[in-house]
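Subject: The structure we talked about

Hi,

Here is the structure I promised to pass on. Have a look at it first, and then read on for what turned up in it.

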Amino acid sequence: MNVTGHTRRPASIRDVASAAGVSYQTVSRVINGHPSVKHSTRERVLAAIDELGFRRNATALALASGRSRAVTVLTANTTHYGYASILQGVEEAARAASYAVGIGVLESAEEAAVAAEVRRAADAGGGLIVIAYDPAGVGALAAVPAELPVVGVVETPATPPGGARPWVWTDDREAAHAVTRHLLSLGHETVHYVAIPSSTRRTSARTTGWRQALREAGAPEPRPLQGNWGPAGGHRAGRRLAQDPSVTAILCGNDDLALGVLRALHENGRSVPGDVSVAGFDDAPHSAYLTPSLTTARLDFTGLGRAAFALLHGVLEQSAPIAPHRVSVPELVVRESSGPPPARV
């Protein structure tokens, strides 16, 4: 404890590296007696270790061997259904492999804040899994040092990634296409869309799939409404859509948005599915128990988390090559909230 009464943070391997003017890999080699380090460099590192009171620990050993039994997940959110389910999948797979899991929360998309969180995660040792569904996650994935093992959980890429990029994803584009096509097949002239934010500030894969299905059917393309992530955003968008009697079908970027849209339609006297059909995305647990139960696209986020860990585990154990891949094809789940449009008078 220092003179102000606060507990002093233990020195990290990066603190030692900074004080000695070397890389943290060099510090790792010194404390493990690797013969490739020059004598002068070794003496400088040992002096920094003594000065800072650095203690040899499992993290240092892991950095030296490249075989840490720990991973850190970097994410901007731990509560939304998709994020939380990915974390669950990572934890389940890591526990089965006797790995520890830490979580680093990206509280801001600002470059300096993202870089600081990436450094903290790197100091913890092991590998990283970055949930890159938002600008903060995308920034973190780009900021991870090249020498650190990392796997990104990303939106559906516009084209399959070249080389050996360690990414995993589900096919959001195909899922949105399937749900939109289902609603059009019921006889709706078009499908309105309440969107979630895109990780890259460009058109998201879900928006692309929705638009593609409309164009294939020769249907009008309404302008998407931005709904953010939760029910409140869906409710705001739903109130606008409820005022338009020509709106008979709405696709929502996730099931929480759909929950808000359903409420707004109810408040405005629009019945579901009698007047308006509503579909969601993700198949969150509450979707089957709404009134009416929600038609949605089921995505296996927990399986995505397991796949991300399996890919990283292969890299850490040097037992499998990096192979970026789509994890699963989404499943259309048809429930009570979708039906034919009202008969024209």
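A strand here is a DSSP run of E of at least two residues, and strands are numbered from the N terminus. By that rule, Val 101 sits in strand β2 (residues 100-105). Please keep in mind that this is a predicted model.

**The chain as a whole**

The protein chain has 12 helices and 12 strands. Of its 345 residues, 51% count as buried. If you look at contacts between residues at least 6 apart in sequence, 70% of them join residues at least 24 apart. The chain exposes about 16,400 Å², and carbon and sulfur atoms supply 51% of that area.

**The cores**

Which residues touch the most other members of the largest nonpolar core? They are Ile 86, Ile 129, Tyr 133, Val 153, Val 191 and Phe 309, out of 40 residues in that core. Helix α12 (residues 301-316) gives the most to this core, with seven residues. A separate core of 31 residues includes Val 27, Ala 48, Val 130 and Ala 132.

Leaving out residues up to four places away in sequence, Val 153 touches Ile 86, Ile 129, Val 130, Ile 131, Ala 132, Tyr 133, Val 168, Leu 304 and Ala 308.

**Strand β8 and its neighbours**

Strand β8 (residues 249-252) is covered on both faces: Ala 249 and Leu 251 are buried on one side, and Ile 250 and Cys 252 are buried on the other. Strand β6 (residues 192-195) pairs with β8 in the parallel sense over three bridges, and Val 194 has Cys 252 as its bridge partner in β8. Strand β9 (residues 277-279) also runs parallel to β8, joined to it by three bridges. There, Ala 249 stands opposite Ser 277.

His 192 belongs to strand β6. Is this histidine buried or exposed? His 192 is buried, because its relative accessible area is 13% and the cut-off for buried is under 20%. Not counting residues up to four places away in sequence, His 192 touches Trp 210, Pro 222, Leu 241, Val 247, Ala 249, Ile 250 and Leu 251.

Val 101, Ile 103 and Val 105 make a nonpolar surface patch of about 220 Å².

**Salt bridges**

Side chains of opposite charge can pair when their charged atoms come close. A search of the whole structure finds 12 salt bridges. One of them joins the side chains of Arg 306 and Glu 92 (2.9 Å, N to O). Arg 306 lies in helix α12 and Glu 92 in helix α5 (residues 81-96), so this pair ties together parts that are 214 residues apart in sequence. Arg 306 is partly exposed at 39% relative accessible area, and Glu 92 is partly exposed at 25%.

Asp 172 and Arg 206 also meet in a salt bridge (3.0 Å, N to O). Asp 172 is in helix α8 (residues 172-185) and Arg 206 in helix α9 (residues 205-217), 34 residues apart. Both Asp 172 and Arg 206 are buried.

Glu 221 forms a salt bridge with Arg 211, with the closest N and O atoms 3.5 Å apart. Glu 221 is in the loop between α9 and β7 (225-226), and Arg 211 is in helix α9.

Happy browsing!

How values were computed. Residues are numbered from 1 along each chain as its sequence is written. This is a predicted model: local features need pLDDT of at least 70, side-chain atom pairs count only at pLDDT 80 or more; totals for chains, interfaces and linings use all residues. Side-chain values use heavy atoms; hydrogens and water are left out. A nonpolar core is a set of buried Ala, Val, Leu, Ile, Met, Phe, Trp, Tyr and Cys residues joined through side-chain atoms within 4.5 Å. Buried means under 20% relative accessible area, exposed over 50%, partly exposed in between (1.4 Å probe, protein chains only). Helices (H or I, at least four residues) and strands (E, at least two) are DSSP runs, numbered from the N terminus. Contact means heavy atoms within 4.5 Å. Patches are made of residues with over 30% relative accessible area and no salt bridge: like charges are joined within 9 Å, nonpolar side chains (Val, Leu, Ile, Met, Phe, Trp, Tyr) within 5 Å. Accessible areas come from the Shrake-Rupley method with a 1.4 Å probe; for residues, only the protein chains shown count as cover. A salt bridge is a side-chain nitrogen of Lys or Arg within 4 Å of a carboxyl oxygen of Asp or Glu. Two strands pair if DSSP finds at least two bridges between them.
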